[in-house]
Amino acid sequence: RFHHASTSHWCSCSKTISDEKYQDPFQLGRKDLKNLYEDIKKELLVSAAELKEMCDYYFDGKGKAFRPMIVVLMARACNIHHNNSKEVQASQRSVAIIAEMIHTASLVHDDVIDDANSRRGKRTLNQIWGERKAVLAGDFILSAASVALARIGNTTIISVLTQVIEDLVRGEFLQLGSKENENERFAHYLEKTFKKTASLIANSCKAVSILGCPDPKVHEIAYQYGKNVGIAFQLIDDVLDFTSCADHLGKPTAADLKLGLATGPVLFACRQFPEMNAMIMRRFSKPGDVERAWKYVLQSDGVQQTTYLAQRYCHAATREIRKLRPSPEREALVHLTEMVLMRDK
């Protein structure tokens, strides 16, 4: 469907923000994220030394805190839109903390499923402590997030954020399966991408909008922005698996192919090289499959088409967020869509 998109259509995306409007999302979100990781560690109060060490391992303050930042910026943008309030509510900041905890728990579990040995440039929990303990540590982080969520005391917010946990599990199951039919395969991939990556951002944004503004239209704007940015983020991640060197990405490249996963670049390449279909169905399990698939992707326009698709999702996110009243936070969220497209790790 996106095969014949013209290049010229996409060239304006980096020019959408004038210099005086430019807002660095990380700078703007920093004050609300101060002591974020210390506050997460307080949620993970545990007496067993080993479990504490495992839980603290990824909450070392070296993460980008990308998801909490989107959440606090969305909270401010919605609060300003509703009643010009400049403050982030304590409950909204709690959503940002919970989002990071759910995300990290999902990484711990993903690494066990994928038998991964590196994450963010360091050894994975399962490599150091073993799979069983890693699964339990991920479960413990999720349970602590659930306790923090219950403390907010709002049943609607509980319902919105528990949907994320359900989606993560369903997304992982989708990733374990594959579709014979080529058209179904792309829909399957996008659904998996939404559930595994975008649902957390979409529903966290929706949660803070509900806490800050009674208007259901605003809740839908927040949700759609998060959904579109989340899908674009993962599409670029899938591109980087082919274009970034391992040192830069903090994990080995072609990791998805080695796991038997057909991501966007592969599915687009398959249209030019139909012989990849058989490889996709056997999940690149035969000797030489990974290397051949890698070559086909780089010979095709799969990377370019996946990038175009990510740009479409970012444009949709920008369209949504511009429906809110102007604010520095709104502009930062617009700029964030460009940062997602330009990132190299």
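Predicted model: local features only at pLDDT ≥ 70, side-chain atom pairs only at ≥ 80, totals over all residues.
**Entry 1**

Cys-78 is in no disulfide. I checked which cysteine sulfur is nearest to it: that of Cys-213, 6.5 Å away. I then looked from the other side. The closest cysteine sulfur to that of Cys-213 is in Cys-78, and 6.5 Å is too far for a bond. The cut-off I used for a disulfide is 2.5 Å between the sulfur atoms.

Are these two cysteines buried or exposed? Cys-78 is buried, with a relative accessible area of 0%. Cys-213 is buried as well, at 4%.

**Entry 2: H7 against H8**

Next I took up helix packing. I noted the angle and the distance between the axes, because two packed helices are described by these. H7 covers residues 131-152 and H8 covers residues 155-176. Their axes lie 9 Å apart, at an angle of about 165°. An angle over 145 degrees counts as roughly antiparallel, so H7 and H8 are roughly antiparallel to each other. I recorded their crossing as right-handed.

Which residues meet here? From H7 I listed Leu-142, Leu-149, Ala-150 and Ile-152. From H8 I listed Ile-157, Ile-158, Leu-161, Thr-162 and Ile-165. I sorted this contact by class: 8 residues are nonpolar, 1 is polar and none is charged.

**Entry 3: H5 against H8**

I moved on to H5, residues 90-114. The axes of H5 and H8 come within 12 Å and cross at roughly 15°. That is under 35 degrees, which means H5 is roughly parallel to H8. The crossing of H5 and H8 is right-handed.

On the H5 side I found Val-95, Ile-98, Ile-102, Ser-106, Asp-110, Ile-113 and Asp-114. They meet Ile-157, Leu-161, Val-164, Ile-165, Leu-168, Glu-172 and Gln-175 in H8. By class I got 9 nonpolar, 2 polar and 3 charged residues for the contact of H5 with H8. Ile-157, Leu-161 and Ile-165 of H8 had come up in my H7 entry, and they turn up again in the contact with H5.

**Entry 4: Asp-110**

Asp-110 is buried, with a relative accessible area of 14%. The cut-off for buried is under 20%. What does Asp-110 touch, leaving aside its neighbours within four places in sequence? I found contacts with Arg-119, Glu-172 and Lys-196. Glu-172 is in H8 and belongs to the contact with H5.

**Entry 5: H13**

I asked how many of the 9 residues of H13 are buried. In H13, residues 264-272, the count is 7, and the helix is mostly covered. I wrote down the buried residues: Gly-264, Pro-265, Val-266, Leu-267, Phe-268, Ala-269 and Cys-270. They pack against H9 (182-212), H10 (216-243), H12 (255-258), H14, H15 and H16 (302-321).

**Entry 6: Pro-287**

Last, I checked a loop. Pro-287 lies between H14 (276-281) and H15 (289-299). H14 and H15 are among the helices that the buried residues of H13 pack against. Is Pro-287 buried or exposed? Pro-287 is exposed, with a relative accessible area of 82%. I also took a distance from Pro-287 to Ile-201. Their C-alpha atoms are separated by 38 Å, and the two residues are 86 residues apart along the chain.

Note on methods. Residues numbered from 1 in each chain as written. Heavy atoms only, no water. Axes fitted to C-alpha atoms, helices over the stretch in contact; angles between N-to-C directions. Helix = DSSP H or I, 4+ residues; strand = E, 2+ residues; numbered from the N terminus. Parallel < 35°, antiparallel > 145°, perpendicular 65-115°, else oblique. Left-handed = near helix turned anticlockwise from the far one by under 90°. Contact = heavy atoms within 4.5 Å. Nonpolar A, V, L, I, M, F, W, Y, C, P; charged D, E, K, R; others polar. Buried < 20%, exposed > 50% of the residue type's maximum accessible area, 1.4 Å probe, protein only.
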